[in-house]
Protein chains: 2
Amino acid sequence: MTNIIDKDRVLIFDTTLRDGEQSPGATMTHDEKLEIAELLDDMGVDIIEAGFPIASEGDFKAVSEIAERSKNSVICGLARANFKDIDRCAEAVRKSAKPRIHTFIGTSALHRAIPNLTMDEMADKIHETVTHARNLVDNVQWSPMDATRTEWDYLCRVIEIAIKAGATTINIPDTVGYTAPAESADLIKRLIETVPGADEVIFATHCHNDLGMATANSLAAVAGGARQIECTINGLGERAGNTALEEVVMALKVRNDIMPWKTGIDTQKIMHISRRVATVSGFNVQFNKAIVGKNAFAHESGIHQDGMLKNKETFEIMRPEDVGLSGTSLPLGKHSGRAALRDKLSTLGFEVGDNQLKDLFVRFKDLADRKKEVFDDDIVALMRSGEDAENDHLQLVSMKVVCGTGGPAEATVEMEIDGEDLTAVENGDGPVDATFKAIRKIYPNTARLQLYQVNAVTEGTDAQATVSVRLEEDGIIATGESSNTDTVMASAKAYINALNRVIIRRGKVGEGADTREISYKDVT
Amino acid sequence: MTNIIDKDRVLIFDTTLRDGEQSPGATMTHDEKLEIAELLDDMGVDIIEAGFPIASEGDFKAVSEIAERSKNSVICGLARANFKDIDRCAEAVRKSAKPRIHTFIGTSALHRAIPNLTMDEMADKIHETVTHARNLVDNVQWSPMDATRTEWDYLCRVIEIAIKAGATTINIPDTVGYTAPAESADLIKRLIETVPGADEVIFATHCHNDLGMATANSLAAVAGGARQIECTINGLGERAGNTALEEVVMALKVRNDIMPWKTGIDTQKIMHISRRVATVSGFNVQFNKAIVGKNAFAHESGIHQDGMLKNKETFEIMRPEDVGLSGTSLPLGKHSGRAALRDKLSTLGFEVGDNQLKDLFVRFKDLADRKKEVFDDDIVALMRSGEDAENDHLQLVSMKVVCGTGGPAEATVEMEIDGEDLTAVENGDGPVDATFKAIRKIYPNTARLQLYQVNAVTEGTDAQATVSVRLEEDGIIATGESSNTDTVMASAKAYINALNRVIIRRGKVGEGADTREISYKDVT
């Protein structure tokens, strides 16, 4: 166990911005990273892994700014096992009140073979790099990547080296999502019993969900003595993703009788951050996702629902309110005033300034004129769609589309680029294809459409739809989003929004999420 | 343990068509149920729970027809603890070569309180009903609903009664998704050790994913001695869903070293059935879903992917081919002939007759004329969009939509109803709203739109989009789907498709998935 913290306390280490953000297509902008970090800090996450500073200028800037701004959380950056990575990471987290460096190396036979190091050579490298990191900050986390497939004796040996060199947290990653609960608990338990000095550090668990067991494996590791769980919002991450923060946190809360450990998370903030991460990553949560899925609290429909509601407890182990779902929220309408809008925004977790409220209110009124009831999700969509449009390079001025069974769709699009007004008319396979072609005619580009997705925000045929467009151009990936009651217009705006982001990243003007020159999977 | 089957063999009991289908909005038609049942039978599922015969005429017909058609699987129906339910169930499964009745009652204090039965009264009821079921078929499964929250002594007592009355399988449901792996294993182990006669029956585990641990709980139960896992494709089911078949099956395959049990599932058929269930239920699978998510086998993108590919093993524990993902499949084009299309369909798991192929080929050519590359997913969409259009009550004849920034969208829709040609022009908030309004003008109805969803089937701006529309009218829920390169046209067709299904169900003309008069949660 550990003498550093209360033995019943489990630290929540969120890596949405590092391991989550690196999943193909989940790239976030600088501003989005800052927003998510603020929400994580605010909900009580103990440690935020904010990025991989050496990987790109954007990662470095995001980690630095998050380090400077965060109020409560420890801010951590990732570094491979070399001095350059570690120095860059130290520089990035420097402004945090509680900086941490997380350095790692792949210790399994498969991973040792990549840099072609012997066991002894790798051991020396671990000693040197952890010592170096500890000379720069007091809080150093070390991970033997692919730990669950590393030889037992060697794993004990390298962990002992890392502890002696000054690591304060030892993280045991199940990099490929290979382990199972009993094995996960046993590994941590045996390491703590075996490795000299293990009682003076915190052991962490980092699981992937390839076999659908990340949550159970993480909780089993805690039963085995781990006191830090590494996770992401919505289980975002490569392949099947990482352990989902909301699942481990709610499981510890609901089953505290058999898992007597507590976290510092304000669970009522779960739904809001889940929705924001889904939006900015473009990774929607499936209806039947545990805790945060649309159906997670929905029971069998039909005539017998009433009877069931009378005996809620019989089929409900958590209350929707526990995760921040307010079931009985009343929709706004055309007669709702500015104060009502501000109240609603506040309930939804958005605090806005007077100017932003003024702008939002105009757009709210416009929407309320068209839609009888304006639901919470409509308001969230309204918040999103107004973000950073003013400074965009490409602006939509007007558009008209004709489509149907009579022939190809025809789109007329008018855009402003650098003060110049340009118009194009194009035919296409459906209204969206025609519109995108017209936009490409006005602004020729080679960006490839990776994802086109439409989701109705609320119920009813006059629902706002949120369109997500993901583009890829020479390794730059950018997601644009727009909400409108008109799906074709939302598609045009989302596409232009994504193009604007590609343009920003092309110029590498410090907007974050630029092309990474380095991957954590590179040979170090 | 059990002496009935090989002790290393775990039976897979699929309840996609019963517990999965009853999740709000996942209603399937009769034909869809038959198709899914055929795929389940074909992939090696040991027991198919095909429905809840007493619940509705549609459920009864689906179970009967699946019982008659299935070649290998045991066909099971659900029945509450009363003679009427059990008789109806026996009648439904009668034509199966291997019929099973699954009867249950809620045994926890909370559930006993609903019918207001004492422990003794409930014990008598269990004895009577299981005896009755066993007099009708040889294969009887009994479940104490909410077992994980039932008092230990009482649980042992009622299980013993069920076994003595002739139950051959005892299922232990974690109805509310409340348990954790160690507890799940321990419960089964202690039951088998404690209950007289336990060694003569098979113990089953039925988990829900409310805390994200259904897969681990099911596998832990197997470690504890259970030899039947109850699960659904994609983890479909109420709230956070049931245990996902693909996860337990692949976990047993990948980690056979520590979980030395085998199933009879042909894992290469997983992706196809996963896609079909996602389609017919309208429940999309999230990108980062284990095994079947779009990203499950996708690694970090970018310039370093090449390096990673050289060391696939370092980050991959399963091969995409193991679950039926053929990564290197070549797209078809306008020069592809009928034989190429048939080959492709066969690779994708569809066997079509000459007439269907002829019809498909016409539509394939039409698509290939418009689209440079026709991908596997395009072909799947083509297969879907042609289904059962001929006999529909409402038919789309033509449509034209004008939309843009200049004012409200205007839709002109022409439809045929019972041989009569009707046209309507309507304005709306966006092209889809205008189109839906025009359809409602032609065919007035009170069905409420519960879900409107658009997904691009393939990449590129000329991608086909699949639109799902879910309608609800007086408790009848119907999902319509259509694929087209024109999203507005696909929306119109999906909406009309859903309306046609509502009409069928209104008439209760034996098309299945009609309104259930009875819920399994009713007091028995």
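Guide: Let me begin with a term: buried means under 20% relative accessible area, exposed means over 50%, and partly exposed lies in between, with a 1.4 Å probe and protein chains only. Helices (H or I, at least four residues) and strands (E, at least two) are DSSP runs, numbered from the N terminus. This is a predicted model, in which local features need pLDDT of at least 70 and side-chain atom pairs count only at pLDDT 80 or more, while totals for chains, interfaces and linings use all residues. Residues are numbered from 1 along each chain as its sequence is written, chains are lettered from A and ligands numbered from 1 in the order in which they are written, and side-chain values use heavy atoms, with hydrogens and water left out.

Visitor: Which residues of H3(A) are buried?

Guide: They are Gly58(A), Asp59(A), Phe60(A), Ala62(A), Val63(A), Ser64(A), Ile66(A) and Ala67(A). Contact means heavy atoms within 4.5 Å, and what covers these buried residues of H3(A) includes helix H1 (16-20), helix H2 (30-43), strand E2 (47-51), strand E3 (74-80) and helix H4 (83-93) of chain A.

Visitor: What span should the 13 residues of helix H3 of chain A have?

Guide: The expected span of a helix is 1.5 Å times one less than its number of residues. For H3(A), residues 57-69, that gives 18 Å, and because the end C-alpha atoms are 18 Å apart, the two values agree.

Visitor: How many helices and strands does chain A have, and what share of its residues is buried?

Guide: Chain A comes to 18 helices and 14 strands, and 64% of its 524 residues are buried. Among its contacts between residues at least 6 apart in sequence, 67% join residues at least 24 apart.

Visitor: What makes H9(A) oblique to H10(A)?

Guide: Two packed helices are described by the angle between their axes and the distance between the axes. Axes are lines fitted to C-alpha atoms, for helices over the stretch in contact, and angles run from 0 to 180 degrees between N-to-C directions. Helix H9 (residues 214-223) and helix H10 (residues 245-254) of chain A pack at an angle of about 55°, with their axes 9 Å apart. That angle makes H9(A) oblique to H10(A), given that angles under 35 degrees count as roughly parallel, over 145 as roughly antiparallel, 65 to 115 as roughly perpendicular and the rest as oblique. The contact is made by Thr215(A), Ser218(A) and Leu219(A) of H9(A) with Glu247(A), Val248(A), Ala251(A) and Leu252(A) of H10(A).

Visitor: Why are H7(B) and H8(B) called oblique to each other?

Guide: Helix H7 (residues 152-164) and helix H8 (residues 181-194) of chain B pack at an angle of about 55°, with their axes 11 Å apart, and H7(B) and H8(B) are therefore oblique to each other. Trp152(B), Leu155(B), Cys156(B) and Ile159(B) in H7(B) meet Leu187(B), Arg190(B), Leu191(B) and Thr194(B) in H8(B).

Visitor: What makes helix H10 of chain B largely enclosed?

Guide: Helix H10 of chain B (residues 245-254) has 9 of its 10 residues buried, so it is largely enclosed by the rest of the structure. What covers the buried residues of H10(B) includes strand E1 (11-14), helix H2 (30-43), H9, strand E8 (228-231) and helix H11 (270-281) of chain B.

Visitor: How do you know whether Thr215(B) is buried or exposed?

Guide: Thr215(B), in helix H9 (residues 214-223) of chain B, has 2% relative accessibility and therefore counts as buried. Leaving aside neighbours within four places in sequence, Thr215(B) is in contact with Leu211(A), Gly212(A), Met213(A), Thr243(B), Glu247(B) and Val248(B).

Visitor: And how is Glu472(B) classed, buried or exposed?

Guide: Glu472(B) lies in strand E13 (residues 465-473) of chain B, and at 18% relative accessibility it counts as buried.
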